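Hi everyone, thanks for coming. Let me put the model up on the screen, and then I'll walk you through it.

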Amino acid sequence: MSGIKDIMETSNLTEKRIKEYLAEGKRFDGRKPGEFREISIETGVSKKAEGSARVKIGKTEVIVGIKLDVSEPYPDSLDKGKLMVTSELLPLSSPRFESGPPRFPAIELGRLIDRAIRESKFIQFEKLCIKKGEKVWAVFIDIYSINDDGNLIDAAGIGALVALKTAKFPKYDEKNEKVLHEELTTKKIPLSKEIPIMVTVHKIGDNILVDPTLEEEDINEVRITIGGTTDGTIFSMQKGNPKEISIEDIYKILDLAEKTRKKVFLNIEKFLK
Amino acid sequence: MPTKQFKRSDGRKLDGIRAMEAKVGVVPNANGSAMFSFGDTIAIAAVYGPRKMHPQHKQDPEKGTLRCNYSMLSFSVSDRIRPGPNRRSTEISKITEWALEPVLMIKKYPNMAIDVHINILQANASTRCAGINAAALALAHAGIPMRDMVSSVSIGKIDKQLVVDLNKDEEDWEDGEGSTDIPITMTSHDGLTHIQLDGRITSKELKEAIELARKATKEIYEVQKKALKDSVKEIK
């Protein structure tokens with residue numbers, strides 16, 4: 001966000017107060033720096049989707065839908081299914097988002113989720129092959145923001161996991177080469193046991209925190225998104241924002257992210273069974 | 001560290017960087033320019049500006065705006081890439097801005113734009129790192145005040161072995177734990193301006209990888225410094 005939109009961003013005064021609070025280990029909404037807002041999850045939010053989920057983290061809300069289709073494999077992996085993750089920051093979800101082709105934040109959001117899921121091998125792509133070199137299942141994960149009050153990335157990450165978990169294959173009419181989206185089978189997407197949970201850690205002044213509200217997100221200096229398991233394996237990582245950070249701070253961030261992944265997992269565990 | 005010696009396909013040492021080449025002034029029209037290569041990976045970068053920001057509504061009265069544009073030439077890889085921006089290049093462009101801006105004294109240029117165009121002529125992995133190295137050189141060559149230089153390198157984990165400066169064969173490694181790619185950019189004073197990761201790694205290994213990057217970027221920094229110094233000699 002920059003330029004004319006600055007007028008809607010967190011004011012210098014608020015920034016000063018947020019930092020004063022953080023210096024004492026406090027936040028405006030009473031949370032500790034390492035604490036998430038309440039996470040609530042609803043599945044099956046769109047009957048037409050093969051799988052879907054609504055995730056709320058505080059006032060932040062995203063909807064994630066899964067569609068499955070049959071398509072040609074990529075030339076470099078003839079016997080593996082495909083994954084496409086896209087995201088749209090809907091104008092309805094924030095006065096800051098405008099319609100039109102996706103801008104960088106939407107592109108990055110999709111790619112962050114894509115990489116955590118792809119690199120973790122959460123989806124067992126080798127089981128999505130129908131006929132080698134000709135037909136494979138393609139998994140589409142589409143993310144939409146419904147209300148942006150900070151931390152869309154982590155909300156989208158949770159949404160993608162839960163939606164994948166609930167998705168069911170549509171019937172495939174092999175003779176006529178048609179996917180019957182109206183007739184869902186009971187077959188689920190083959191997923192591995194290692195669950196890639198995404199946590200973004202933000203640095204404001206000398207403080208690190210997770211799950212920022214929009215005001216906090218506006219003034220963050222560095223953010224690092226990490227996808228990994230609760231037992232410490234990391235699959236993806238990306239630093240955002242034009243500020244440098246010390247190696248020591250990176251270590252602190254890695255530790256906080258790992259702790260937070262465990263907490264997030266406990267919150268969403270029952271939706272991942 | 002595993003005791004078994006892992007052999008790299010091009011015979012390099014585990015912490016060996018491919019032959020580097022750096023040169024500034026490769027695009028005479030630009031305010032600053034440079035090429036940087038890691039073996040077969042070649043990047044060129046050109047800086048235009050600081051110049052007035054257009055469109056005008058994008059002007060920032062508090063500081064200048066760094067705009068990077070990373071693009072692979074269509075014939076830089078085996079399977080031709082459709083020319084023009086895609087999601088990957090859009091992301092790398094932004095990452096490059098984030099990697100460079102911390103060292104730029106950009107507050108000196110309110111309402112101005114500094115455009116950095118990066119093109120990959122030939123790709124054998126680590127293209128974003130080569131691009132960042134070329135861009136940092138081009139910015140220095142353009143005479144834009146900088147607090148420090150930045151240097152970028154990709155650390156890899158092939159199966160269980162950490163290596164420095166991944167090539168394409170290593171990036172595509174599938175056996176064992178497969179390949180993990182960790183591009184990292186640092187200032188010469190150990191400040192980290194960019195890190196990404198794709199693959200599978202423990203936090204302990206990741207910490208080792210960052211330490212390897214710290215050492216490797218020092219080597220790259222020397223190559224960049226030499227390129228800048230050499231360009232001044234020529235003028236004399």
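First, a word on terms: helices (H or I, at least four residues) and strands (E, at least two) are DSSP runs, numbered from the N terminus. The expected span of a helix is 1.5 Å times one less than its number of residues. This is a predicted model, in which local features need pLDDT of at least 70 and side-chain atom pairs count only at pLDDT 80 or more, while totals for chains, interfaces and linings use all residues. Residues are numbered from 1 along each chain as its sequence is written, and chains are lettered from A and ligands numbered from 1 in the order in which they are written.

Let's start with chain A. Helix H1 (residues 12-23) of chain A has 12 residues, so at 1.5 Å a residue it should span 16 Å; its end C-alpha atoms are 16 Å apart, which agrees. After H1(A) comes Gly25(A), with a positive phi near 75°.

How confident is the predictor? On pLDDT, its confidence in each residue from 0 to 100, chain A averages 94, and 97% of the residues score at least 70. Residues 1-7 of chain A, though, have a pLDDT below 50. Where pLDDT is low, the predicted coordinates should not be read in detail.

On to chain B and its sheet. Two strands pair if DSSP finds at least two bridges between them. Chain B has an open sheet of five strands in the order S1-S2-S3-S5-S4, with mixed pairing. Strand S1 (20-24) and strand S4 (65-72) of chain B are at the edges with a single partner strand each, so one side of each has no neighbour in the sheet. Within the sheet, strand S2 (residues 32-38) and strand S3 (residues 41-52) of chain B are antiparallel over seven bridges, and Ser33(B) sits opposite Ala46(B) in S3(B).

Now, how do the chains meet? Counting a contact when C-beta atoms, placed from the backbone, lie within 7 Å, 29 residues from chain B and 29 residues from chain A take part. On the chain B side, the elements giving two or more residues are H1, strand S9 (191-202) and helix H4 (203-235) of chain B. S9(B) gives the most, with 12 residues.

S9(B) also pairs with strand S13 (residues 245-246) of chain A, in the antiparallel sense over two bridges. There, Gly191(B) is the bridge partner of Ser246(A).

Notes. pLDDT is the predictor's confidence in each residue, from 0 to 100. Two residues are in contact if their C-beta atoms, placed from the backbone, lie within 7 Å.
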